[in-house]
Amino acid sequence: MDLYGLTQYLVSFLIAGGIYALLCLALNVQWGYGGLFNAGVAGFFAVGAYTSAILTAAPATGHVGGFALPIPLGLLAAALVAGATGWAVARICVRLKSDYLAIASIGIAEILRLSIINEQWLTNGSLGIANIPRPLEAWITGEASSWVFVVVVWSVVGASWWFCNRLYDSPWGRALRAIRDNEEAAHAVGKDVNALRLQTYVIGCALMGVAGALSAHHFKFLSPAASDPTLVTFLVWVMLVAGGSGNNRGAVTGALVVWGIWSLTEILTSRLPPDWTARSSYLRMFLVGLLLQFVLQRYRRGLVPERSPPLRFAELPAGLDAINETSRIHNKPRSP
Amino acid sequence: MIQFINFYLIPALALGSIYALGAVGISMIFGILRFSHFAHGDVMTLGAYGTLSAVWAFGWHPLAALPFGIALAVAAALVADRAFYRPLRKLPTIYAVIASFGVALMIRSLVQLFWGPQNQVFKSGVRAPLVLFDTFRVSSLHLQAIGITLALALALHWFLSRTRTGRSMRAVSDDPDLASIAGLEPERVIRATWIIGATLAATAGVLAGMDTQVHANMGWNLLLAMFASALLGGIGKPMGAVAGGFLIGLIEELSTYPWIGSEPLVSPSYKSALAFGIMVLILLLRPQGLMRGRLL
């Protein structure tokens, strides 16, 4: 492969990798922080993608849309609409036990998929929405526009990374992890379990919506096939579990590693005869499933395991003794 | 009225019988292994494709070739259990759920790898409907599906209440600790569960494939309705799952009947949303289901 092809490959790897990293961060907020199983990632991804596409695309006949609004507004609206969808779902389903929530999330994704295909006035059905703009397209064209998009995607990932880390360290994040690890105990010390879960679900869904919007702007065209559950939901789950759920570094690492394996094997198999190329994509999918099983059995904590944040004692004078003293006091058994 | 029976009631029962057969397996696995088996729909798909291969090879009727599909589905279920579910049995059940999500994808990709992604049919051509008493025009396939399901449900009921294995399955489902104190081998019971679940799923897959066509996503697309049926009937209650399957089938099909005015009450494209709605209502209002199943 020549240098030109290599840079092209690098650009598309970085864009898709960034979108997957964002999805992983989003799923990590739901599953890693809150222990909420969401098998409907593709649904919220699609909601975000269609929201931004309808708001920012050039005017078109046959369906609502073509408002030609600026892209940042589209991304914001994607987060809002996907978050609101998540809120509606979570209002009803978040109190269900884990298995039931998993089934319910599949159902939601299915309903969202059906509405996208059937509500032609809104989404143009299976014909899809065309002419979705990319950022700064008017000024920068051709090769450079892809690099601009890489920067856009990764700044969104960076901002979400910062946001998710702040969430993790906050009292809110701590309460959430307490619920994840022991619901009854957290409830007993007065944490509002359902409210906190609802909030994580909404935040995760909003981020998924942004990821969907970015992918719509990347491909500039959106059809129901773009939110294929096996490629969106399933791959993201494998990424998160392999990377290490519960911590953001693991989520992004998992996204990049699994996406790297996925796209490298695609390059390798693309040199096979056409008939075999089509078939080998199924074989790759099978191997990704096998990878998930392997990780689940051997490396359940992932490539970058979750570590509890260190205890911080800001007011105390620095020094090992002081910390030891405090933790001894804190850990002293108390009478009820 | 005749139209209602011909075009709505009988197809509804046929659809319900497919849901019922799938839901029994889901319900039993839920009851005994305590996790929701997301790969059940794909076990169904595999059964249909296994049967299809036998039909191609020998030119038999699909129902005669069914044992091949059943054998393939049972083998897949047992291998998946041994390799992927058993190592996770001591962990919280959500890990088994994630694993089954993976198994679902693995089965589907194998099906696409070996049989290709295109749709297949058992038998092409239009079949003339059966005319009964000069008024009822029903598809013989639908009658077959309903008959087979009822017969299998009766056989299953006999098995669970009269045989030793069947009774130990019910015991493990009701109280696993008590059952193991009483000396029942859990692994044996689990194996029996997979065999029965996969057998019924493969049968359902073939019935569904005969009615329409066989494709790689057929089972996955039926999964939601089968879960809804299992929950409606009550987890761990096979007969409840059969009833739940027929009920969900009836509700889905009959909701498209023009009850008010001349338009379908619910657009046929949104039929599967109904199963979901029923499922959520059941979970919120009566989580034990109609038949007092177990609570997770």
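Residues are numbered from 1 along each chain as its sequence is written, while chains are lettered from A and ligands numbered from 1 in the order in which they are written. Because the model is predicted, local features need pLDDT of at least 70 and side-chain atom pairs count only at pLDDT 80 or more, whereas totals for chains, interfaces and linings use all residues.

**View 1. Chain B as a whole has 11 helices and two strands.**
Helices here are DSSP runs of H or I with at least four residues, strands are E runs of at least two, and both are numbered from the N terminus. Reading from that end, chain B goes α-α-α-α-β-β-α-α-α-α-α-α-α. Its C-alpha trace spans about 60 × 50 × 35 Å along the principal axes. For 296 residues a compact globule would have a radius of gyration near 19 Å, and chain B agrees, with 19 Å; that radius is taken over C-alpha atoms, and the globule rule is 2.2 Å times the number of residues to the power 0.38. Of these 296 residues, 53% count as buried, i.e. 20 or more other C-beta atoms (placed from the backbone) lie within 10 Å of the residue's own.

**View 2. Chain B meets chain A through 30 residues of its own and 33 residues from chain A.**
Contact means that C-beta atoms, placed from the backbone, lie within 7 Å. On the chain B side, α4 (93-115), α9 (218-233) and α11 (271-285) each supply at least two residues. The largest share, 14 residues, comes from α4(B). By class, this side of chain B has 23 nonpolar, seven polar and no charged residues. Nonpolar covers Ala, Val, Leu, Ile, Met, Phe, Trp, Tyr, Cys and Pro, charged covers Asp, Glu, Lys and Arg, and the others, Gly among them, are polar.

**View 3. Helices α2 (residues 40-58) and α8 (residues 186-211) of chain B cross at roughly 65°.**
Their axes come within 7 Å; axes are lines fitted to C-alpha atoms over the stretch in contact, with angles from 0 to 180 degrees between N-to-C directions. From α2(B), the contact includes B:His40, B:Met44 and B:Thr51. α8(B) brings residues including B:Ala198, B:Gly205 and B:Val206. Nine of the contact residues are nonpolar, six polar and none charged.

**View 4. Helix α11 (residues 248-269) of chain A reaches 31 Å from its first C-alpha to its last.**
That is close to the 32 Å expected for its 22 residues at 1.5 Å a residue, counting one less than the number of residues. Among its buried residues are A:Asn248, A:Trp259 and A:Trp262. The buried residues of α11(A) pack against α1 (3-33), α6 (143-169) and α10 (230-243) of chain A.

Definitions and conventions:
Contact = placed C-beta atoms within 7 Å. Buried ≥ 20, exposed ≤ 12 C-beta atoms within 10 Å, placed from the backbone.
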